[in-house]
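Hello,

Here is the structure I promised to hand over. My notes on it follow below.

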Amino acid sequence: MENQRVFTRSQVVQHKSKKACWLVINGRVLGVTKFLEEHPGGKEVLMELAGKDATKEFDAIGHSKGAQNLVLKHQVSVLQGATIEEVEAKDHVADTESKNKEMSSFVIKEDPKSMSETLYEFFVPVLVATFYFGYRLLTRANPHI
């Protein structure tokens with residue numbers, strides 16, 4: 001890390017266009033210009049944060065390990081005065097993702113409901129509605145008699 005360039009916030013702020021897009025995540029200055037078109041959330045997300053510290057937003061999303069490794073891949077320098085934690089990079093993950101040009105992901109829902117509860121929530125109202133309409137059909141006055 002001793003050989004890395006150091007940029008100030010004012011230098012980072014100057015790079016907020018589609019031709020030169022930088023942002024800061026955890027004290028690392030990232031050049032994401034080439035990544036704009038590949039970003040799964042769209043280039044607009046990155047452009048809103050261009051020239052700014054995006055650490056809070058990056059952490060709030062809960063990015064995958066692959067995305068966290070991409071941070072290291074796109075790092076161009078460090079921010080002046082920032083404390084940088086060393087992260088063990090997994091080169092094969094970052095290389096695989098960039099070759100595929102697609103990121104696959106899955107969401108783990110933290111829903112405490114069991115499958116049977118979900119079925120009950122669907123079938124009980126359907127069953128009640130069926131009985132109601134059946135009852136109405138059987139008990140209606142038949143004008144043809």
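**What was found**

The structure holds one salt bridge. The term needs a side-chain nitrogen of Lys or Arg within 4 Å of a carboxyl oxygen of Asp or Glu. The partners are K43 and E37, with their closest N and O atoms 3.2 Å apart. K43 counts as partly exposed, at 25% relative accessibility. E37 is exposed, with a relative accessible area of 62%. For these words, buried is under 20% relative accessible area, exposed is over 50%, and partly exposed lies in between (1.4 Å probe, protein chains only).

A word on the source: this is a predicted model, where local features need pLDDT of at least 70 and side-chain atom pairs count only at pLDDT 80 or more, while totals for chains, interfaces and linings use all residues. Residues are numbered from 1 along each chain as its sequence is written, and side-chain values use heavy atoms, with hydrogens and water left out.

**Overall build**

The protein has six helices and four strands. These are DSSP runs numbered from the N terminus: helices are H or I with at least four residues, strands are E with at least two. From the N terminus on, the order is β-α-β-β-α-α-α-β-α-α. Of the 145 residues, 26% count as buried. The accessible surface comes to about 11500 Å², and 56% of that belongs to carbon and sulfur atoms. Areas come from the Shrake-Rupley method with a 1.4 Å probe; for residues, only the protein chains shown count as cover. Take the contacts with a separation of 6 or more: residues 24 or more positions apart account for 68% of them. Contact means heavy atoms within 4.5 Å.

**The cores**

Which residues have the most contacts inside the largest nonpolar core? They are L23, I25, L30, V32 and L46, in a core of 14 residues. β2 (22-25), α2 (43-49) and α4 (65-73) each supply at least two residues of this core. A second, separate core has six residues, including F7, V12, V29 and L79. A nonpolar core here is a set of buried Ala, Val, Leu, Ile, Met, Phe, Trp, Tyr and Cys residues joined through side-chain atoms within 4.5 Å.

V32 is in contact with C21, L23, L46 and H74, leaving aside its neighbours within four places in sequence. E48 is found in helix α2. E48 is exposed, with a relative accessible area of 58%. E48 and L23 are 25 residues apart in sequence and 10.0 Å apart in space, C-alpha to C-alpha.

**A loop residue**

N26 is found in the loop between β2 and β3 (28-31). N26 has a positive phi of about 50°, although it is not a glycine. N26 is partly exposed, with a relative accessible area of 40%.

**Helix α6**

F122 is in helix α6 (residues 115-139). F122 is exposed, at a relative accessible area of 52%. M115, L119, F122, F123 and V126 make a nonpolar surface patch of about 530 Å². Such a patch takes residues with over 30% relative accessible area and no salt bridge, with nonpolar side chains (Val, Leu, Ile, Met, Phe, Trp, Tyr) joined within 5 Å.

UniProt, in an unreviewed entry, places a "transmembrane region" at residues 119-138. Its annotations may be inferred rather than shown by experiment. In the model, residues 119-138 are 100% helix and 0% strand, and the end C-alpha atoms lie 28 Å apart.

Best wishes

Notes
Patch = residues over 30% accessible without salt bridge, like charges linked within 9 Å, V, L, I, M, F, W, Y side chains within 5 Å.
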